[in-house]
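Here is a short briefing for a first look. Start with the sequence and the model below.

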Amino acid sequence: MVDLTKKPFYLNKEQIDWVEETIANMTEDEKVGQLFTIMNIRKDDEEHIKAQIEKYHPGGLRWQGGNKEENWNQNRLFQKHSKIPMVIAANIETGASKSIGGGTLIAPGPAVGAGRGDKVARLLAKAGGEEAKAIGCNWTFAPISDVVSNWRNTIVNNRAFSDDPDNVIRNCKAYMEEMKKLGIACCTKHFPGDGSEERDQHLVLGCNDLSVEEWEESFGKVYRELIDAGVESFMIGHICQPALQKKYNPSLKDEDIMPATLSKELLQDVLRGELGFNGLIITDASHMGGMACMAPRSHQVPGAIAAGCDMYLYYNDGEEDFEYMREGIRSGLITEERLSDALHRILGFKAMLGLNELVFPDKEGLSVVGSEEHHNMAYEAADESVTLVKDTQHILPVNPEERKRVRLYYVESAPVSSVAGTDQAKYVVKEELEKLGFEVDLHKNFYEVEKENPGKTNLWSILEATEKMEEFKKKYDLVLLVINMVGYAQENNVRIKWDIAHSNEIPWYIHEVPTVGISLNYTNHLYDVPQLKTFINAYSSEREYIRAALEKMAGKSEFTGTANELVWCGRWETRL
């Protein structure tokens, strides 16, 4: 039996009575439904929401997209029509910007880790939590407690805090403390740990190949500290950990290794047993390749609960998945004891959040979303974290009175088509440079030239393949190469990709005119441009981060962010 009086629940008798009475009065379908956290993308369509609840009785919700009014009304309607109040989750990893249209990005993970102490983590949690709470969210799928040891990993490179377990622990605890003040439960991810390899669990089974000893010194250390600090829930990655799995099951064959979401060894022996976690366990999204490619869907759905997860994240097809789960219960794959255990933790989690006496927030509270106060907090976080990785040519600070004429190269991910246009952040860079007093000549990339010349096949005749060096040197005082490569669930790792073969964006100009490089996303770009002698990690393409990076470049404020060893990518030439 689950002890709901203990960490992290700490329920009183009245709350426990509500849990027991609620479970005792559930129908079989209601019990099945409580095991699912669903995705809603229809926003505030009341009839659609009501129909979902009446048919499937979902225990939780995580929505996708929409503005603050839509999100608020959607969440209100889910709670209005639910017999048992729902846990409503959001990915408050960087702030509420990923979950709410118009929400504020406060700080990506590595920006948090680059700051001094835990200041940025607290700014992130406070502002992000306030915005999410305003629309009825009570559960954050964060903090990310991954420890990034492989520089090639871009799945969590721009999400995790650090390569240092102590840095991760410090900032995760600060995040948790701020969320607890707001009454929002945390769900740390991605157990048993991402960041030690370079493949993406969205596409393929992730594999944490650390030895038991290595795992204990990094991920194990982090998890023990967070559990002791009272983290309320864990999200399980579609990541295997062969050393730990074989420690508890020495006869396990390689072909039988499963992601943690389907592994009793990792969930029951390690997380529940060895680490002593008593809170709620939920799978990562079930459509991800690391789970979807590993077993038939009919086994995955009940198999995750049977292995030790308490909730299952997202339907594929609601009717089909609901039946798979029900059949898993009826067949005994999910035992009565395991089902009872899961339901007690789900309902205990809800009682811990006070959902047995739910009061939904008033609409007036939406004014906090995207507020000036929160954008000021974003700038404060940026000013604290933007990092000078190196300046071996000793060019900084750059005074616009002395180096006024700037050639700006902005390297971005390819748009889906030329119709999609280019990344708007490049124009923000130009605007912020001009505010500082620079004159900016913005280089046109292949996509812009293509859009301006529809139907022309010989774009080489339009593109500047080369430039006369002496004219270039007379024309510009500074070259700024800004890199904003973005990737998600499409390739296993993301590297710099120039706009076209033999692109003249490639930094041929570094020996002609002093050049500064700035990354607005990943922290490992020096591997592809080691020849740059001055490089800044700005972590985000939001205006606050662009402004902070350029102000620091121009000497308006000091660099206080700290880079970790991953920025050197294990290469000697990146340090030159």
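By class, how many nonpolar, polar and charged residues does the lining of the largest pocket have? The lining has 20 nonpolar, 16 polar and 10 charged residues. Keep in mind that this is a predicted model.

**The largest pocket**
- The largest pocket holds about 1100 Å³ of space.
- Its lining is made up of 46 residues. Closest to the centre are Glu93, Lys98, Arg159, Gly487 and Tyr488.
- Three strands each supply at least two residues of this lining: strand 2 (60-63), strand 3 (87-90) and strand 5 (185-191).

**The second largest pocket**
- About 420 Å³ of space lies in the second largest pocket.
- The second largest pocket has 24 lining residues. Asn138, Leu182, Gly183, Ile184 and Leu353 lie nearest its centre.
- By class, this lining divides into 13 nonpolar, 6 polar and 5 charged residues.

**Asparagine 71**
- Helix 4 (residues 68-81) contains asparagine 71.
- Is asparagine 71 buried or exposed? Its relative accessible area is 0%, so asparagine 71 is buried; the cut-off for buried is under 20%.
- A polar atom of the asparagine 71 side chain lies 3.0 Å from the backbone oxygen of glycine 65.
- Leaving aside residues up to four places away in sequence, asparagine 71 touches Lys43, Trp63, Gly65, Gly66, Ser99, Ile100, Gly101 and Ile135.

Methods
Residues numbered from 1 in each chain as written. Predicted model: local features only at pLDDT ≥ 70, side-chain atom pairs only at ≥ 80, totals over all residues. Heavy atoms only, no water. Helix = DSSP H or I, 4+ residues; strand = E, 2+ residues; numbered from the N terminus. Buried < 20%, exposed > 50% of the residue type's maximum accessible area, 1.4 Å probe, protein only. Polar contact = N/O pair within 3.5 Å; in protein donor to acceptor, adjacent residues only side chain to side chain. Contact = heavy atoms within 4.5 Å. 1 Å grid on protein atoms, 1.4 Å probe; cavity = no way out; pocket = protein on both sides within 12 Å on 5 of 7 lines; lining within 4 Å. Points joined across faces, edges and corners; volume = space filled by probe spheres on them. Nonpolar A, V, L, I, M, F, W, Y, C, P; charged D, E, K, R; others polar.
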